Amino acid sequence: MKRMSLVALVLALALAFVAVLAGAMLELAPAAIDLRLPVAAHLADSGVTHPVTAVLLNYRGYDTLLEIAVLLLALLAILAVVDDAPASPSRVAHPVLQALARLAVPLMIVVAVYLLWAGAFRPGGAFQAGAVLAAAAVLLHLVGLLPGWSRPRLGLRIGLAAGFVLFLAVAAGLLTQGSLLQYPPAAAGVLILLIESGLTVSLALILAGLFLFLSREDEA
Amino acid sequence: MTFAFDLLLALSLLWSAWRTLATPRLDRAIVLFIVFGLLMSLAWARLAAPDIGLAEAAIGAGLTGALLLDAYGVLRRRRVDR
């Protein structure tokens, strides 16, 4: 009986919260500044034709720069707690699963490249492309075709940092000509594609690393 | 037609969220969480935000689901060892 009344109380509180939330959303004041018009007005100078990519990599480029820095830091924190033990050989999955993964991974790589390229003019971009690549790596690991990673060697370290370093180099190079990450309109498209390519590789390695560095068979 | 689809989507979102939290078995909860993520990315696409939908499908449903399944596998093997 006491339990029933408790459930009723929680349910009533949850319903009241939903009602307040819905009310607050319906009463929401219009935004103080409408940024849609300026975004659309300067789209021609941004080097891309998709407004989301223009905001992420041109107007608010430093946000994206800091995002990749945060992801890199998260991976460094994981590397600090990963022990030095060599990765154990991964389990071998069922041959059908392996064959399916072998079929799926090339397709996923094609999809990632397409997403990267399409980011300039339609939904897509470096983050989605990197996530698809990372998912391909995780898939290979789960079916036993890709062993877990131990301490990264030089090549992997360069790959992990490349996106951030490339982004930073472009930012530093543009600093001499004006303010931070203010691309000249003529070169903006090429610069954004360059940065996004670097970001895709690094993001794929970082996201896959979050999985593969921690994925160990040795249990305590 | 679109309204019926949206209604169905919203209801299945709520249902899968509830089942994810309420189901007693961990493996089923993870699978339901992946289903919830995929439905969520559909909802983002319906809200005219395909960019977020793509990110949700790749990161929310794909990578997080794989991480959770892997963690579940390790937990189960540990329980068998004991």
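How many residues of chain A are in contact with chain B, and how many of chain B with chain A? In this predicted model, 15 residues of chain A are in contact with 13 residues of chain B.

I'll take the chain A side to begin with. Two elements of chain A give two or more residues to the side that touches chain B: H6, and helix H8, residues 188–212. H6(A) gives the most, with eight residues. By class, the chain A side that touches chain B splits into 11 nonpolar residues, three polar and one charged.

Helix H6 of chain A, residues 126–142, has its axis within 9 Å of the axis of helix H3 of chain B, residues 50–81, and the two cross at roughly 25 degrees. Angles under 35 degrees count as roughly parallel, so H6(A) is roughly parallel to H3(B). The crossing of H6(A) past H3(B) is left-handed.

Which residues make that contact? From H6(A) they are Phe127(A), Gln128(A), Ala131(A), Val132(A), Ala134(A), Ala135(A), Val138(A) and Leu142(A). From H3(B) they are Leu54(B), Ala55(B), Ala58(B), Ile59(B), Gly62(B), Leu63(B) and Ala66(B). Counted by class, the contact of H6(A) with H3(B) has 13 nonpolar residues, two polar and no charged. As background on the spacing, an α-helix has 3.6 residues a turn, so residues three or four places apart point the same way.

A word on H3(B) itself. H3(B) has 32 residues and spans 45 Å from its first C-alpha to its last, close to the 46 Å expected at 1.5 Å a residue. H3(B) also bends, by about 35 degrees, at Glu56(B).

Last, a pair inside chain B. Helix H1, residues 2–22, and helix H2, residues 26–46, have axes that come within 9 Å and cross at roughly 155 degrees. Over 145 degrees counts as roughly antiparallel, so that is the label for H1(B) and H2(B). The crossing of H1(B) and H2(B) is left-handed.

On the H1(B) side the contact residues include Asp6(B), Leu9(B), Leu13(B), Ala17(B) and Arg19(B). Among those they meet in H2(B) are Leu32(B), Phe33(B), Phe36(B), Leu39(B), Met40(B) and Arg46(B). The contact of H1(B) with H2(B) divides into 12 nonpolar residues, three polar and three charged.

To recap the two angles: roughly 25 degrees for H6(A) with H3(B), and roughly 155 degrees for H1(B) with H2(B).

Notes
Residues numbered from 1 in each chain as written. Chains lettered and ligands numbered in written order. Predicted model: local features only at pLDDT ≥ 70, side-chain atom pairs only at ≥ 80, totals over all residues. Axes fitted to C-alpha atoms, helices over the stretch in contact; angles between N-to-C directions. Helix = DSSP H or I, 4+ residues; strand = E, 2+ residues; numbered from the N terminus. Parallel < 35°, antiparallel > 145°, perpendicular 65-115°, else oblique. Left-handed = near helix turned anticlockwise from the far one by under 90°. Contact = placed C-beta atoms within 7 Å. Nonpolar A, V, L, I, M, F, W, Y, C, P; charged D, E, K, R; others polar. Expected span 1.5 Å × (residues − 1). Bend = angle between axes of the 7 residues up to and from the residue.
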